[in-house]
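Subject: Structure handover and notes

Dear colleague,

Please find the structure below, followed by notes on what came out of going through it.

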Amino acid sequence: MLVKSAATSADVVSASTTAAPTAHGPLYTSSFESYTSDSDVSGDGVWQTGVNYEPFLVISGSTGTSNSGPSAAYSGSYYAYCETNQPNNPAVGFDLQSMEFSGGIESITFYYNAYGAGIGTMYLQASSEGASWSTIWSKSGNLGQTWFA
């Protein structure tokens with residue numbers, strides 16, 4: 001089972017600094033504190049970005065775009081976000097995808113922030129083979145400067 005977070009037509013959409021998919025085996029807890037590259041966003045091999053769409057960016061502090069995005073990570077110093085103000089808005093998509101969990105995934109916990117006038121839709125999708133994806137959660141619109149679980 002794979003998990004993917006995707007966003008389209010958003011001003012700024014932020015993924016959490018902590019994502020914890022639980023497989024039928026070990027508990028996987030992952031964060032962006034050990035970012036190494038887009039192919040290993042979390043530094044532990046669990047998350048990668050830019051697989052099928054534009055990559056999320058891993059930063060600390062504010063996004064640098066006024067009136068959008070969080071001012072800091074939910075916890076720790078770093079978070080992943082996608083900046084889709086011009087020229088990326090309205091047609092650019094972004095993705096953040098997990099490694100494949102051989103035993104499936106029982107649950108996933110993550111924190112998100114959706115602040116900005118042009119927020120589009122965030123999706124959490126699952127796939128058993130990485131080709132066809134089913135949306136298991138979505139959220140649209142400007143939710144203010146609050147982190148949600």
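Two strands are taken to pair if DSSP finds at least two bridges between them, and the strands themselves, like helices, are DSSP runs numbered from the N terminus (E, at least two residues, for strands; H or I, at least four, for helices). The model is a predicted one, in which local features need pLDDT of at least 70 and side-chain atom pairs count only at pLDDT 80 or more, while totals for chains, interfaces and linings use all residues. Residues are numbered from 1 along each chain as its sequence is written, and side-chain values use heavy atoms, with hydrogens and water left out.

The chain as a whole

The secondary structure comes to zero helices and 14 strands. Of the 149 residues, 46% count as buried, where buried means under 20% relative accessible area, exposed over 50% and partly exposed in between, with a 1.4 Å probe and protein chains only. Taking a contact as heavy atoms within 4.5 Å, residues 24 or more positions apart account for 67% of the contacts in the chain with a separation of 6 or more. The accessible surface is about 6,800 Å², of which 48% belongs to carbon and sulfur atoms; this area comes from the Shrake-Rupley method with a 1.4 Å probe, and for residues only the protein chains shown count as cover.

Strand S13 (residues 121–127) and strand S14 (residues 134–140) pair in the antiparallel sense over six bridges, with Gln125 standing opposite Thr135 in S14. The two strands form a hairpin with six residues between them, and Gly130 in the turn has a positive phi of about 85 degrees. Six of the seven residues of S13 are buried, so this strand is largely enclosed by the rest of the structure. Ser127 is found in S13 and is buried, with a relative accessible area of 2%; the side chain of Ser127 reaches the backbone oxygen of Ser132 at 2.8 Å, which is a polar contact (a pair of N or O atoms within 3.5 Å; within protein, one must be able to donate a hydrogen and the other to accept it, and residues adjacent in sequence count only if both atoms are side-chain atoms).

Strand S6 (residues 47–49) runs antiparallel to S10 and is joined to it by three bridges, with Gln48 opposite Gln97, while strand S7 (residues 54–55) runs parallel to S10 with two bridges, Pro55 having Asp95 as its bridge partner.

The largest nonpolar core has 12 residues, among them Phe32, Val46, Trp47, Phe94 and Leu96; such a core is a set of buried Ala, Val, Leu, Ile, Met, Phe, Trp, Tyr and Cys residues joined through side-chain atoms within 4.5 Å. Strands S9 (78–83) and S10 (93–98) each supply at least two residues of this core.

Aromatic pairs

The structure holds nine aromatic pairs, counted when the ring centres of Phe, Tyr and Trp (its six-membered ring) lie within 6.5 Å, with planes under 30 degrees apart taken as stacked, over 60 as edge-to-face and the rest as tilted. The rings of Tyr74 and Trp147 have centres 6.3 Å apart and planes at 70 degrees, so this pair is edge-to-face. The pair links distant parts of the chain, 73 residues apart, with Tyr74 in the loop between S8 (57–60) and S9 and Trp147 in the segment after S14. Tyr74 counts as partly exposed at 39% relative accessibility, whereas Trp147, at 17%, counts as buried. Phe110 and Tyr112 form a tilted pair, 6.0 Å centre to centre with 40 degrees between the planes, and both are buried.

Two further residues

Leu143, in the segment after S14, is partly exposed at 28% relative accessibility and, not counting residues up to four places away in sequence, touches Tyr112, Ala114 and Phe148. Asn67, in the loop between S8 and S9, has a positive phi near 55 degrees although it is a residue other than glycine, and it counts as exposed at 59% relative accessibility.

With best wishes
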